[in-house]
Amino acid sequence: TAPDKSGRILGGRPVVDLEIAGDSQGGGGKVTSVTAKDLDSGELVSYEADAVVFAVGINAMQKIVGGSRSLSRLPEFRKVMNLQSIDCL
């Protein structure tokens with residue numbers, strides 16, 4: 001049988017950073033966890049993950065990248081900081 005492919009959507013927990021295995025040189029790797037701030041308690045909470053979908057606008061994405069140690073080291077995410085808007089179809 002195939003492994004469980006379920007996912008969770010957690011509101012009220014803005015992403016603060018990602019843990020990326022194999023990212024010692026800023027060359028990418030595999031996401032292993034997401035660190036988020038629980039808005040109810042103010043705590044930083046780590047969630048195991050093997051994939052992340054950023055379903056946010058450009059301003060929110062720039063805030064995530066700007067505050068994320070791991071994402072700000074990756075060239076493809078640093079380029080997001082130069083965008084003023086994005087098109088959606």
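Modeller: Happy to! β2 and β3 run antiparallel and are joined by 5 bridges. Two strands count as paired if DSSP finds at least two bridges between them, and strands (E, at least two residues) and helices (H or I, at least four) are DSSP runs numbered from the N terminus. Before we go on, this is a predicted model, where local features need pLDDT of at least 70, side-chain atom pairs count only at pLDDT 80 or more, and totals for chains, interfaces and linings use all residues. Residues are numbered from 1 along each chain as its sequence is written, and side-chain values use heavy atoms, with hydrogens and water left out.

Colleague: Which residue in β3 is the bridge partner of Val34?

Modeller: That's Tyr47. Val34 also touches Val15, Asp17, Leu18, Val45, Ser46, Ala49 and Val52, besides Tyr47, leaving aside residues up to four places away in sequence. Contact here means heavy atoms within 4.5 Å.

Colleague: And in what order do the strands of the sheet come?

Modeller: The order is β1-β2-β3, an open sheet of 3 strands with antiparallel pairing. β1 and β3 (44-48) are at the edges with a single partner strand each, so one side of each has no neighbour in the sheet.

Colleague: Switching to the helix, which residues of α1 are buried?

Modeller: In α1 (residues 58-67), they are Ile58, Met61, Gln62, Ile64 and Val65. Buried means under 20% relative accessible area, exposed over 50%, and partly exposed in between, with a 1.4 Å probe and protein chains only. Seen down the helix axis, the buried residues of α1 fall within an arc of 160°, so they line one face; the arc is that of the directions from the axis to the C-beta atoms.

Colleague: What's on the other side of α1?

Modeller: Asn59, Lys63, Gly66 and Gly67 are exposed there.

Colleague: What do the buried residues of α1 pack against?

Modeller: They pack against β1 (15-21) and α2 (75-78). The largest nonpolar core has 12 residues, including Leu18, Val34, Ala49, Ile58 and Leu74. Such a core is a set of buried Ala, Val, Leu, Ile, Met, Phe, Trp, Tyr and Cys residues joined through side-chain atoms within 4.5 Å. α1 gives the most to this core, with 4 residues.

Colleague: Last one: is Gly11 buried or exposed?

Modeller: Gly11 counts as exposed, because its relative accessibility is 54%. Gly11 lies in the segment before β1, and its C-alpha atom is 9.3 Å from that of Leu39, 28 residues apart along the chain.
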